[in-house]
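Student: I have a chain to study and some terms to learn. Can we go through them together?

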Amino acid sequence: MQSIDIIAVIPELILLAAACLILLVEPFLKADKTAVLALALTGLVGAAAVSLGLSGQDRTAFAGMIVLDDWAVFFKVLFAVGATITLLMSSSYLESHRRHMGEYYALVLFAVIGMNLMAAARNLIVFYVALELMAISSYILAAYFRYRVRSNEASLKYFLSGSFASAVMLYGISLVYGLSGSTDYLTVGRAVGQQGGTAGVVFAVFLVAIGLAFKVSSAPFHMWTPDTYQGAPTPVAAFFSVGPKAAAFSVILAASVVAFPGQAVEWGVLFIGLSVVTMLVGNLFALVQSNIKRMLAYSSIAHAGYLLAGVGAMGWGKHSYPGQGVLIYLVAYTFMNLGAFGVLAYLKAQDPEKFDYSLARLAGLGRRSPWAAVLFSLFLLSLTGIPGTAGFIGKFYVFSGVVRADLIWLAVLAVVLSAVSAYYYLRVIMYMFFREPEEEFVVREPIAGGMAAALGLSAIGTLVIGIVPSWLWDSVIGAFGTLFN
């Protein structure tokens, strides 16, 4: 092992040290978990700072199995930001449910380690091991309220579906190894490229893609998503909606460019088909939801469809612009979706027994908690794609990339379905400001502490990206450039 090997995983070592310290220190603390939260946040901030300090390099580590470049740094910082916002909104929520324990923070950090390694992996075995580290942590987090039937059900469905998808993916990886004699991305790309589009190659790529499609909640592999999001603790559902999804897309993009460049068209056709089905299922099912968490779950599926359109366009048009749009969309989606779930977590913490996430409970929220209503409206408008918000910028770049790939029909379909989504997003805003509550729901405490910081960061990110996106575009160009080197 050389020094570069250690340097390449310093952010992960920082997160590992923070998680282990949390598990060691937490039993000796009293009810106040401020120190545990501070330790977790320190680990995330430290990992993000070190990652930024390592930017500008283009090196490999552990015999080429892991890379240290701007691509990996981009996602490591994104994961750290998403996890930081998640932990900030978790403290008061867990306190209100009397489940404020240190292992929650450790599990989130372990999941982030897995996501980091997924983005940095250039070997199918490393990618799979990292995926399972993320997945196992996620299964446990989904069942964190183990005394609740719905939480256990959410975890069980996630586990069974995830195990099946992992088995399918592992079978695909074994076929890729049999065809190429290697699990290294570059070696696989050269070996499989020489064989061309044979039936065996196409079938192996198909199996790997199906496993990744499950991780991004693509229809028809989305069945676990609504029930898992509804049953899991709200901050956990928020984390699931952005972190694992972004990690899976980092692998999809890296694999399509590095491991399977010769199958770009087949890869593109598959993801274009999945995109169409996913956009239709997500938006149409979201229209009929009266539970806000389930509505956001189906909304998450719809947004996965928009992202898959960019991935498919990149393969079909053999152009990097749609993929760059996907990265911008992932950053924008992280801020606006975490913010939306954060408002729900805040409301649930006010009265865990009475607030049931139904649309009716939000009636009159503009009068009872103006700041919560305004922030929720901002995030919903951004998810809709209103100009001036991060959601508009994300959709603009992705849909522009689809048009550049000469997939005009796909871009039109995405725009139409995005307009359809305005109905279920704006309906929530209408309830908050123009509908009187049938039963009074009391907001006991103002937005403060970690929750205020989480919602503030989400709002700032949503507005800054929407108004001044040039800095993000420059970062994406740098990250994507290293992927093609």
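Tutor: Start with the core. The largest nonpolar core has 176 residues, and Phe127, Leu327 and Phe376 have the most contacts inside it. Helix 14 (residues 321–350) gives the most to this core, 19 residues. This is a predicted model: local features need pLDDT of at least 70, side-chain atom pairs count only at pLDDT 80 or more, and totals for chains, interfaces and linings use all residues. Residues are numbered from 1 along each chain as its sequence is written, and side-chain values use heavy atoms, with hydrogens and water left out.

Student: What makes a set of residues a nonpolar core?

Tutor: Its members are buried Ala, Val, Leu, Ile, Met, Phe, Trp, Tyr and Cys residues, joined through side-chain atoms within 4.5 Å. Buried means under 20% relative accessible area, with a 1.4 Å probe and protein chains only. Of the 485 residues of the protein chain, 64% count as buried.

Student: Which residues is Phe127 in contact with, leaving aside neighbours within four places in sequence?

Tutor: Contact means heavy atoms within 4.5 Å. The partners of Phe127 include Met118, Met169, Tyr185 and Val251.

Student: Why does the radius of gyration of the protein chain agree with a compact globule?

Tutor: The radius is taken over C-alpha atoms, and the globule rule is 2.2 Å times the number of residues to the power 0.38. For 485 residues a compact globule would have a radius near 23 Å; the protein chain has 21 Å, so the value agrees.

Student: How many helices and strands are there?

Tutor: The protein chain has 20 helices and two strands. Both are DSSP runs, numbered from the N terminus: helices are H or I, at least four residues, and strands are E, at least two.

Conventions
Buried means under 20% relative accessible area, exposed over 50%, partly exposed in between (1.4 Å probe, protein chains only).
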